[in-house]
Amino acid sequence: MTFAYPSAASSDELRLLEPVSITHSNLHFNFIKVPRLATPRYTAVSYTWGDGEASEIIYLNNRQFRVRVNLWSCLHYVGQHAKSIGVRLWVDAICIDQNNMAERNVQVRRMDETYKQAAHVSVWLGLPSIPDHIRIPDQRKPIKTADIEEFEWCDHLEDLANRPYWSRIWVIQECLLPESIILFCGNTMMQWTDFQDILCNRADVMVTEFDDPVPSPAVTSVITSFAALPLAMARHVDKHPELLQSLHDLLISHHRAECKDPRDKIFGLLGLVTLEERGFLERFFPDYTMSEDHVQIIALAHVLQYNVLHGAAKITTESNELFLGLGVKSGTAERRRLLERASLEKFNYISDWGPGQASAWLTGLENNTIRPDLPRQYGNEYYHNLNEGAALLSAVQSELQARWPELLNNDERYLWGAGQQGSRGGRALGVTVVSVSVAAAVALVLWRYGVLDHLFDLLGT
């Protein structure tokens, strides 16, 4: 019988594979769903999905489930190792119901946590290259296993460091976020730190050479020879785990990364975005019901209206690496169209949009069924000049910071007085008074800089 997902996995749940029987012909797993707060030890698998049909069969709870050849081979070898050390496996193609968009959205939103909380990440680089002198009995059948004795990683480094795996967008966070990584090639394995050492020795580079945002010609040349080097250097002990960057910088740094779904050019980087930015982006992403065009417009609006406000370079049709990072390969006309759609006059990204509203708004603009200045008329006035907006925010922030010690002293006085009253009600009253006091002080500063006027205009008061 064919396997069917019994129920959706919520944001607070995780599905895991428990190896039962791993042979050269059959792979059997128990398929369990557990709360994220009580997960058993597991390895999160990082691999290349590959092309072609899902032609191979594995068994989940004794029911058939089809996977591609590369994943079957991965589960054969990584499953053997997981079974030997008593850990479960998490594999995105299986543990997320890919046909359930709601589940896919909530699970991808927490993908970074899935990799960070794993006991280790298992990186599958594929099977070793088959030597020419080995005869393959039936070339019509796919090769799913290849056990090669005395396989030396050093002897095959150029091959291993340039496999398609290193070009995937999702690999970036899968390699940078976890505490520990084991690499697999067929029936052999190697710790990440050992792979990093032999790679750096072969390339004759040091980690400090990768600190410059604009790589030197020598570094660019060596990256061309070893595609794995940028990730190996980014995960160096001197840098890990301080990895979070702005979306603007991530899109530029990883503009060459590839993916099957163009929307993943943005979704695959969310786990590496700074926490403040992520709060803005998660109002919209990830959402696989959204069109590729809308994902690009919203991401570009974020860069234009948030990152530029915080000091990023001005974006034009000549910002080649940024547009490639967004998945936009076409010419100037297409870039100009996207910039217009993402502009403040068309789409006020900073405004408090709810889930699903932005995509509907953009669709309305495309169909000319709504006015672009409604209901966000105040946006054109308030954010008409990003430099002025930055100066205003800086002034407000400076005054609030200057007055914060005074507010904290008020907190202590009110809380002390409430504690002297000796009752739960008295303490609650004290906290309420503190909240009102702080809110009033903040409101006074906002009023002084004219921000409240815009809020009152919005509310119609």
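Student: What does Asn-61 count as at its relative accessibility?

Tutor: The model is predicted, so local features need pLDDT of at least 70 and side-chain atom pairs count only at pLDDT 80 or more, while totals for chains, interfaces and linings use all residues. Residues are numbered from 1 along each chain as its sequence is written, and side-chain values use heavy atoms, with hydrogens and water left out. Asn-61 is found in the loop between β4 and β5 (63-67), and phi of Asn-61 is near 50°, a positive value in a residue other than glycine. With buried meaning under 20% relative accessible area, exposed over 50% and partly exposed in between (1.4 Å probe, protein chains only), the 34% relative accessibility of Asn-61 makes this residue partly exposed.

Student: What is the relative accessible area of Asn-62?

Tutor: Asn-62 also lies in the loop between β4 and β5, and it has a positive phi of about 70° although it is not a glycine. Asn-62 is exposed, its relative accessible area being 63%.

Student: Which residue in β4 is the bridge partner of His-28?

Tutor: Helices (H or I, at least four residues) and strands (E, at least two) are DSSP runs numbered from the N terminus, and two strands pair if DSSP finds at least two bridges between them. Strand β2 (residues 27-35) pairs with strand β1 (residues 13-22) in the antiparallel sense over nine bridges, and the two form a hairpin with four residues between them. With strand β4 (residues 56-60), β2 pairs in the parallel sense over two bridges. In that strand, β4, the bridge partner of His-28 is Tyr-59.

Student: How many residues of strand β7 are buried?

Tutor: In a regular strand the side chains alternate between the two faces of the sheet. Both faces of β7 are covered, with His-120, Ser-122 and Trp-124 buried on one side and Val-121 and Val-123 buried on the other. Strand β7 (residues 120-124) is therefore largely enclosed by the rest of the structure, the number of its residues that are buried being five of the five.

Student: Which residue in β8 does Trp-124 stand opposite?

Tutor: Strand β3 (residues 42-46) is joined to β7 by four bridges and runs parallel to it, with Val-45 opposite Ser-122. β7 also pairs with strand β8 (residues 181-185) in the parallel sense over four bridges. In β8, the residue opposite Trp-124 is Phe-184.

Student: At what angle do helix α13 and helix α15 pack?

Tutor: Axes are lines fitted to C-alpha atoms, for helices over the stretch in contact, and angles run from 0 to 180 degrees between N-to-C directions. Angles under 35 degrees count as roughly parallel, over 145 as roughly antiparallel, 65 to 115 as roughly perpendicular and the rest as oblique. α13 and α15 are therefore roughly perpendicular to each other. With their axes 8 Å apart, helix α13 (residues 292-307) and helix α15 (residues 332-342) pack at an angle of about 65°.

Student: What is the separation of the C-alpha atoms of Gly-325 and Lys-265?

Tutor: Gly-325 is in helix α14 (residues 320-325) and counts as buried at 3% relative accessibility. Leaving aside neighbours within four places in sequence, Gly-325 is in contact (heavy atoms within 4.5 Å) with Leu-251, His-255 and Lys-265. Gly-325 and Lys-265 are 60 residues apart along the chain, and their C-alpha atoms are separated by 6.7 Å.
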